[in-house]
Amino acid sequence: MATSKFFIMNEKAVRWSLNSPNTGIFTEPSGFGVDYKNDYLKVGDVWIPNSRELKQPEPSGKIVFPLKRYETYQSFMNFINRATQLVLVYQPAGLETEYFAEIDVVTIQKGGYSIGDTFTVPVKFVCKSLFYTEEQFYYQIKKTEREVRWDFRWETKFNDANSVYFVFNNDGHVESPFILSFIGYCLNPEVQVLHDGVELYNVKWNVELQGNDRLTMSSFDDDLYIEVNGVDRKDILDFTNQNFFKLPVGTTEIHFKSEAGRMNDITMSLEKYYTGV
């Protein structure tokens with residue numbers, strides 16, 4: 001029978017598996033659903049909703065260390081303590097999709113004080129983000145052959161050398177932040193987002209990129225930036241528009257344009273967030 005898998009990942013993307021007797025088995029998981037704090041006002045014989053707020057998720061469970069119990073526990077603690085960032089990775093049973101959540105450790109309680117005891121360690125984490133999945137769109141065109149290659153799943157349409165769009169379905173529960181890069185020569189690159197045929201966003205950057213230049217912008221709440229070749233370029237923002245935005249829940253068309261040039265490469269890394277997994 002298929003079982004869910006759990007990992008702890010550090011800032012270097014190194015994972016500690018919690019699915020093996022050699023490294024520990026995560027059992028009795030809880031806190032992966034949805035929990036709201038609701039406030040109501042009583043009016044007569046009914047209660048009217050006053051406020052509704054999603055509580056900060058606090059996943060918890062127990063880690064069993066059946067082999068080389070104390071040595072494995074110490075290695076696990078070293079992994080946790082040496083990390084500067086931690087991510088909880090959860091793969092539901094029977095699915096290939098992995099969900100990620102940035103976490104801090106709240107408690108790791110030591111167990112197995114006596115020989116023969118089951119070495120079971122209760123753990124509790126607090127999430128600093130919702131659970132999310134990662135997606136990446138990649139567009140490339142070769143200058144000589146005008147060949148288009150892609151390695152993503154969404155329907156994609158190519159119009160001409162300086163205009164391209166793809167269809168993205170955000171099946172998460174909230175808006176999706178992203179990191180977008182234009183790479184190679186182009187003049188005044190532009191991105192337009194349509195939802196049900198209605199334009200939601202249209203941002204153009206007043207800049208001319210040369211052959212090896214890279215324009216990158218991020219719409220993550222804790223990491224908003226726009227830069228060219230790693231140098232801050234807020235001077236090219238159009239402050240009459242909303243320069244930093246996220247993609248709404250549902251299906252959108254995302255158009256990339258350039259007044260001149262062929263936009264040799266475009267990458268767009270997105271995260272879908274879920275209030276409960």
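Trainee: Among contacts in the protein between residues at least 6 apart in sequence, what share join residues at least 24 apart?

Mentor: This is a predicted model. In it, 66% of the contacts between residues at least 6 apart in sequence join residues at least 24 apart. The secondary structure comes to 1 helix and 25 strands.

Trainee: How many residues does the protein have, and what percentage of them are buried?

Mentor: The protein has 277 residues, and buried ones make up 44% of them. Its accessible surface comes to about 15,100 Å², with 47% belonging to carbon and sulfur atoms.

Trainee: How is a pair of aromatic rings described?

Mentor: One gives the distance of the centres and the angle of the planes. The count here comes to 22 aromatic pairs. One of them joins Phe-65 and Phe-119, with 6.1 Å from centre to centre and 75° between the planes, an edge-to-face arrangement.

Trainee: Which parts does the pair of Phe-65 and Phe-119 tie together?

Mentor: Phe-65 lies in the loop between strand E7 (60-64) and helix H1 (69-82), and Phe-119 in the loop between strand E9 (99-108) and strand E10 (120-127), so the pair connects parts 54 residues apart in sequence. Phe-65 counts as buried because its relative accessibility is 1%, under the 20% cut-off. Phe-119, at 2%, likewise counts as buried.

Trainee: How are the rings of Phe-182 and Phe-256 arranged?

Mentor: Their centres are 5.9 Å apart and their planes stand at 75°, so this pair is edge-to-face. It links distant parts of the chain, with Phe-182 in strand E15 (residues 178-183) and Phe-256 in strand E23 (residues 250-257), 74 residues apart. Phe-182 is buried at 1% relative accessibility, and Phe-256 is buried at 0%.

Trainee: Which residues have the most contacts inside the largest nonpolar core?

Mentor: They are Ile-8, Leu-18, Phe-76, Ile-108 and Phe-131, in a core of 28 residues. Strand E1 (5-10), H1, strand E8 (86-91), E9 and E10 each give two or more residues to this core. H1 gives the most, with 5 residues. Apart from this core lies another, of 27 residues, including Val-164, Tyr-201, Leu-209 and Met-217.

Trainee: Where does the charged end of Arg-15 sit?

Mentor: The charged end of Arg-15 sits over the ring of Phe-7, 5.1 Å from the ring's centre. As for aromatic groups, Phe-6, Phe-26, Phe-32, Tyr-90, Tyr-99, Phe-131 and Tyr-274 form one cluster.

Terms used: Residues are numbered from 1 along each chain as its sequence is written. This is a predicted model: local features need pLDDT of at least 70, side-chain atom pairs count only at pLDDT 80 or more; totals for chains, interfaces and linings use all residues. Side-chain values use heavy atoms; hydrogens and water are left out. Rings of Phe, Tyr and Trp (its six-membered ring) pair if their centres lie within 6.5 Å; planes under 30 degrees apart count as stacked, over 60 as edge-to-face and the rest as tilted. Helices (H or I, at least four residues) and strands (E, at least two) are DSSP runs, numbered from the N terminus. Buried means under 20% relative accessible area, exposed over 50%, partly exposed in between (1.4 Å probe, protein chains only). A charge sits over a ring if NZ of Lys or CZ of Arg is within 6 Å of the ring centre and within 35 degrees of the ring normal. Contact means heavy atoms within 4.5 Å. Accessible areas come from the Shrake-Rupley method with a 1.4 Å probe; for residues, only the protein chains shown count as cover. A nonpolar core is a set of buried Ala, Val, Leu, Ile, Met, Phe, Trp, Tyr and Cys residues joined through side-chain atoms within 4.5 Å.
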